[in-house]
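Have the structure open as you read.

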Amino acid sequence: MSIPDAVGSAFLLLFSGDAALWRIIWISLKTSIVGLLIAAPIAILAGYAIASFSFRGRRVLIWLSQAALSLPTVLIGLLLYLTLSRQGPLGALQMLFTQSGIIAGQVLIALPVLVAFTLSAVQAADPRLAETAIAHGASSWRVLLTVLHEVRFGVMAAVINGFGRVISEVGCALMVGGNIAGETRTITTAIALETSKGDFAQGIALGIVLVAIALAINAVLVLLQGDTRTARAAI
């Protein structure tokens, strides 16, 4: 099949409502969003705490959070596979080759991204903001919310990058999920499988979906940033 023919077939698959194709897309979106929703509160609070407080081992935590960004997802998948296998410490949970197992992997992949980006955003904020809030008698939680509101676009960038990393990774999802059709087959594992079989149409169709998702979520961030700048200029 030529490239133009494959691209044409890809669009036909997308707009014909192919059940298998949209099932794959749904599984990817579901596991990625749930994993991100679990990881985000933990990571954002951790990033804020590391940036805002001085304690023993702080520099080690910063180093580890940044080093974790370069860990290959297939290595995370291997470690999680060993943990969730029957002989592993969490084998009794029977999460291996399930969507829950993929979600656990997405959480582990998203955490360092969210922590590192939140940490950088909070460190870049004006320290007088927290000091002023404390001087006015704000509680610790109120100070946290004030600072996070000020750096909200940095936090939003963290969430978007975290989502992009989890939905586009293949190694962990393949090892922990097993690429089971209709159950744990995600966009990236399906692309790898179908391309190896020579079915470029489905691979291209799923690739188009990934690009569309990336463009959509980044467009939302750009629009929000533009609205805020316009409002400030008006003031």
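Setting aside residues up to four places away in sequence, Thr73 touches Ile109, Arg165, Glu169, Val170, Gly171 and Cys172, where contact means heavy atoms within 4.5 Å. The model is a predicted one, in which local features need pLDDT of at least 70 and side-chain atom pairs count only at pLDDT 80 or more, while totals for chains, interfaces and linings use all residues. Residues are numbered from 1 along each chain as its sequence is written, and side-chain values use heavy atoms, with hydrogens and water left out.

Leaving out neighbours within four places in sequence, Ala205 is in contact with Ala10, Leu14 and Leu21. Ala205 and Val34 are 171 residues apart in sequence and 24 Å apart in space, C-alpha to C-alpha.

Buried means under 20% relative accessible area, with a 1.4 Å probe and protein chains only. Helices are DSSP runs (H or I, at least four residues), numbered from the N terminus.

Now for the nonpolar core, a set of buried Ala, Val, Leu, Ile, Met, Phe, Trp, Tyr and Cys residues joined through side-chain atoms within 4.5 Å. The largest one has 51 residues, and Leu114 and Leu148 touch the most other members. Helix α2 (residues 19-52) gives this core its largest share, 11 residues. Not counting residues up to four places away in sequence, Leu148 touches Ile44, Tyr48, Val122 and Val155.

Helix α5 (residues 99-124) is worth a look too. Its 26 residues reach 37 Å from first C-alpha to last, close to the 38 Å expected at 1.5 Å a residue, the expected span being 1.5 Å times one less than the number of residues. At Ala110, shortly before Pro112, α5 has a kink of about 30°; the bend is the angle between axes fitted to the seven residues ending there and the seven starting there.

Where is the largest share of the lining of the largest cavity from? Helix α2 supplies that share, three residues. α2, α8 (152-168) and α10 (187-196) each supply at least two lining residues. Among the lining residues are Ser28, Gln106 and Glu169. On a 1 Å grid over the protein atoms alone, a cavity is a set of points where a 1.4 Å probe fits but cannot get out, and lining residues have an atom within 4 Å of a point.

Methods: Buried means under 20% relative accessible area, exposed over 50%, partly exposed in between (1.4 Å probe, protein chains only). On a 1 Å grid over the protein atoms alone, a cavity is a set of points where a 1.4 Å probe fits but cannot get out, and a pocket is an open set with protein on both sides within 12 Å along at least five of seven lines; lining residues have an atom within 4 Å of a point.
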